Amino acid sequence: MTTIRLEVVTPERSVFSDDVDIVVAPGIEGELGILPHHTPLMTALKTGELRARKGSEEFLLCVAGGFMEVRPDRVIVLADTCERAEEIDLARAEEARRKAEQRMAEKYQPGFDAAESEAALHRAMARLAIAEKSKRRKGSLRPPPAN
């Protein structure tokens, strides 16, 4: 089987770079599945789970915004922020969720920025979901599902 090169970078660092079998990304109009030799495209990304599979190994990343460029042999993700699932600090993500929910509850206060507060809540919820999903899979003896 042929592979496709996945490169995920943020302004701070290179998060992931490897040849993979499939990439599934959170495009702004829905999930995109990318296989080798995919038609070229470019899309904005929303906050969510980016998955890549190489053989029976699956990689989970949490991306928040940015762009994805797809070429027949390569996928380049330029993310605003991105973390591998194993890098997510659950306690910190839970605290961020709590603070974002608290800000949303105080929406009638001066200086409230609805878009910023909602984005912070989406990031925190995505980070928690991805970390929990990764944790459940590591606790399981069976390999990840081969979609």
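The count of salt bridges comes to 14. The model is predicted. Glu31, Glu49, Arg51, Glu58 and Lys133 are linked in a salt-bridge network.

**Salt bridges across the chain**
- Glu49 pairs with Lys133, with the closest N and O atoms 3.0 Å apart. Glu49 sits in strand β6 (residues 48-54) and Lys133 in helix α2 (residues 114-139), so this bridge links distant parts of the chain, 84 residues apart. Both Glu49 and Lys133 are buried.
- Glu87 bridges to Arg13 at 2.6 Å between the closest N and O atoms. Glu87 is in the loop between β8 and α1, Arg13 in the loop between β1 and β2, 74 residues apart. Glu87 is partly exposed at 34% relative accessible area, and Arg13 is partly exposed at 34%.
- Asp19 and Arg5 meet in a salt bridge of 3.4 Å, N to O. Asp19 belongs to strand β2 (residues 14-20) and Arg5 to strand β1 (residues 4-9), so the pair ties together parts 14 residues apart in sequence. Asp19 is partly exposed at 31% relative accessibility; Arg5 is partly exposed at 24%.

**Helix α1**
- Helix α1 (residues 90-105) has 16 residues and spans 22 Å from first to last C-alpha.
- Ala93, Arg97 and Ala100 are buried in α1. They cover an arc of only 70° around the axis, which puts them on the same side of α1.
- Ala91, Arg92 and Ala105 are exposed on the other side.

**Annotated domain and surface patch**
- UniProt, in an unreviewed entry, places "domain: ATP synthase F1 complex delta/epsilon subunit N-terminal" at residues 5-81. Residues 5-81 are 0% helix and 74% strand.
- Met42, Phe67 and Leu78 make a nonpolar surface patch of about 330 Å². Leu78 lies in strand β8 (residues 74-84) and is partly exposed at 46% relative accessible area.

Definitions and conventions
Residues are numbered from 1 along each chain as its sequence is written. This is a predicted model: local features need pLDDT of at least 70, side-chain atom pairs count only at pLDDT 80 or more; totals for chains, interfaces and linings use all residues. Side-chain values use heavy atoms; hydrogens and water are left out. UniProt positions are given in the numbering used here, feature names are shortened, and annotations may be inferred rather than shown by experiment. Helices (H or I, at least four residues) and strands (E, at least two) are DSSP runs, numbered from the N terminus. Patches are made of residues with over 30% relative accessible area and no salt bridge: like charges are joined within 9 Å, nonpolar side chains (Val, Leu, Ile, Met, Phe, Trp, Tyr) within 5 Å. Accessible areas come from the Shrake-Rupley method with a 1.4 Å probe; for residues, only the protein chains shown count as cover. A salt bridge is a side-chain nitrogen of Lys or Arg within 4 Å of a carboxyl oxygen of Asp or Glu. Buried means under 20% relative accessible area, exposed over 50%, partly exposed in between (1.4 Å probe, protein chains only). The expected span of a helix is 1.5 Å times one less than its number of residues. The arc is that of the directions from the helix axis to the C-beta atoms.
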